[in-house]
Amino acid sequence: MIKHLFLILLFATLGSNVALAEKADSQQPLRIQSDSQTYDGSKKVTVYTGAVHMVKGTLTINAARLEIVEDANGGKIGTLYSGNGKLVNYRQKRDGGPDLWAEGEADKVVYDDTLELIKLFNQAKLVLLDGKERTHESSGIYISYDSRTDFMSVNNTLEGKSLPGAGFTNAVIYPTKDKPKAAPAKPNTPAPAAPESKHE
């Protein structure tokens with residue numbers, strides 16, 4: 001009995017660790033595709049230009065230009081710029097459910113690799129989704145989103161502060177759709193008895 005209990009706890013622990021590892025985009029390798037790239041080792045700055053496609057775990061960002069600055073501890077901050085009439089677009093899996101997502105767009109996006117914090121500047125929009133259904137949408141000149149805590153801040157200045165008369169932020173909260181309920185199970189009814197055969 002004790003041995004079986006130990007095995008159950010062991011598998012439960014391993015299962016929870018696997019689930020956490022899958023959600024931690026910060027622990028995943030950063031993959032970048034672009035038309036060209038340059039690296040300045042003295043400044044620890046890498047610049048990617050042309051059709052930039054960045055992937056890190058569930059995080060994907062598309063932009064025209066990406067500049068990555070690495071700090072002394074190896075942390076990376078990426079600044080992505082729009083171009084050719086296209087905004088920077090972003091998509092990332094959210095914790096809390098099997099199919100929760102965040103999607104955003106802006107003229108400029110800053111991503112902090114260590115904090116898993118994303119900031120959107122100018123023409124900023126962030127949409128929260130459950131599957132393909134929108135649950136919340138916010139827009140403004142500045143949006144900050146912490147993917148670890150699912151916390152969003154929307155402000156009317158580029159400095160991330162809200163000032164009277166500086167403009168408006170907007171939000172749309174969508175109604176929750178009722179999910180189809182499973183039909184109640186029918187009770188098992190005994191099969192009708194076979195008719196008795198008559199013998200003459």
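This report describes the fold, ring contacts, cavity and selected residues of a predicted model.

## Basis of the model

The model is predicted: local features need pLDDT of at least 70, side-chain atom pairs count only at pLDDT 80 or more, and totals for chains, interfaces and linings use all residues. Residues are numbered from 1 along each chain as its sequence is written, and side-chain values use heavy atoms, with hydrogens and water left out.

## Overall fold

The chain has 1 helix and 12 strands. Helices (H or I, at least four residues) and strands (E, at least two) are DSSP runs, numbered from the N terminus. Along the sequence the pattern is α-β-β-β-β-β-β-β-β-β-β-β-β.

Of the 200 residues of the chain, 28% count as buried. Buried means under 20% relative accessible area, exposed means over 50%, and partly exposed lies in between (1.4 Å probe, protein chains only).

## The aromatic pair

How many aromatic pairs does the structure hold? It holds 1 aromatic pair. The ring centres of Phe121 and Tyr142 are 5.3 Å apart and the planes are at 65 degrees, so the pair is edge-to-face. Rings of Phe, Tyr and Trp (its six-membered ring) pair if their centres lie within 6.5 Å; planes under 30 degrees apart count as stacked, over 60 as edge-to-face and the rest as tilted.

Phe121 belongs to strand E9 (residues 117-130) and Tyr142 to strand E10 (residues 133-146), so the pair ties together parts that are 21 residues apart in sequence. Phe121 is buried, with a relative accessible area of 12%. Tyr142 is buried too, at 8%.

## Charges over rings

Phe121 also has a charged neighbour: the charged end of Lys108 sits over the Phe121 ring, 4.8 Å from its centre. In another such arrangement, Arg91 lies over the face of Trp101, at 3.9 Å from the ring centre. A charge sits over a ring if NZ of Lys or CZ of Arg is within 6 Å of the ring centre and within 35 degrees of the ring normal.

## The cavity

The structure holds 1 cavity of 30 Å³ or more. The volume of the largest cavity is about 50 Å³. On a 1 Å grid over the protein atoms alone, a cavity is a set of points where a 1.4 Å probe fits but cannot get out, and lining residues have an atom within 4 Å of a point. Grid points are joined across faces, edges and corners, and a volume is the space filled by probe spheres set on the points.

Which residues line the largest cavity? The lining is made of Leu30, Met54, Ile68, Lys76, Gly78, Tyr111 and Asp113. These divide into 4 nonpolar, 1 polar and 2 charged residues. In this count Ala, Val, Leu, Ile, Met, Phe, Trp, Tyr, Cys and Pro are nonpolar, Asp, Glu, Lys and Arg are charged, and the others, Gly among them, are polar.

## Side chains that reach the backbone

Lys56 lies in strand E3 (residues 45-56). At 4% relative accessibility, Lys56 is buried. Its side chain reaches the backbone oxygen of Gln28 at 2.5 Å.

Asp146 is in strand E10, and at 14% relative accessibility it also counts as buried. The side chain of Asp146 reaches the backbone nitrogen of Arg148 at 2.9 Å. A polar contact is a pair of N or O atoms within 3.5 Å; within protein, one must be able to donate a hydrogen and the other to accept it, and residues adjacent in sequence count only if both atoms are side-chain atoms.

## Loop residues and a strand residue

Asn84 is found in the loop between E5 and strand E6 (88-93). Its phi is near 55 degrees, a positive value in a residue other than glycine. Is Asn84 buried or exposed? At 81% relative accessibility, Asn84 is exposed. Asp150, in the loop between E10 and strand E11 (151-155), has a phi near 60 degrees, likewise a positive value in a residue other than glycine. Asp150 is partly exposed, at 35% relative accessibility.

Ala72 lies in the loop between strand E4 (59-70) and strand E5 (76-81), and is exposed at 78% relative accessibility. Ala72 and Lys44 are 28 residues apart in sequence and 9.3 Å apart in space, C-alpha to C-alpha. Ser153 is in strand E11 and is partly exposed, with a relative accessible area of 24%. The C-alpha atoms of Ser153 and Ser138 are separated by 9.4 Å, with the two residues 15 apart along the chain.

Note on methods:
1 Å grid on protein atoms, 1.4 Å probe; cavity = no way out; pocket = protein on both sides within 12 Å on 5 of 7 lines; lining within 4 Å.
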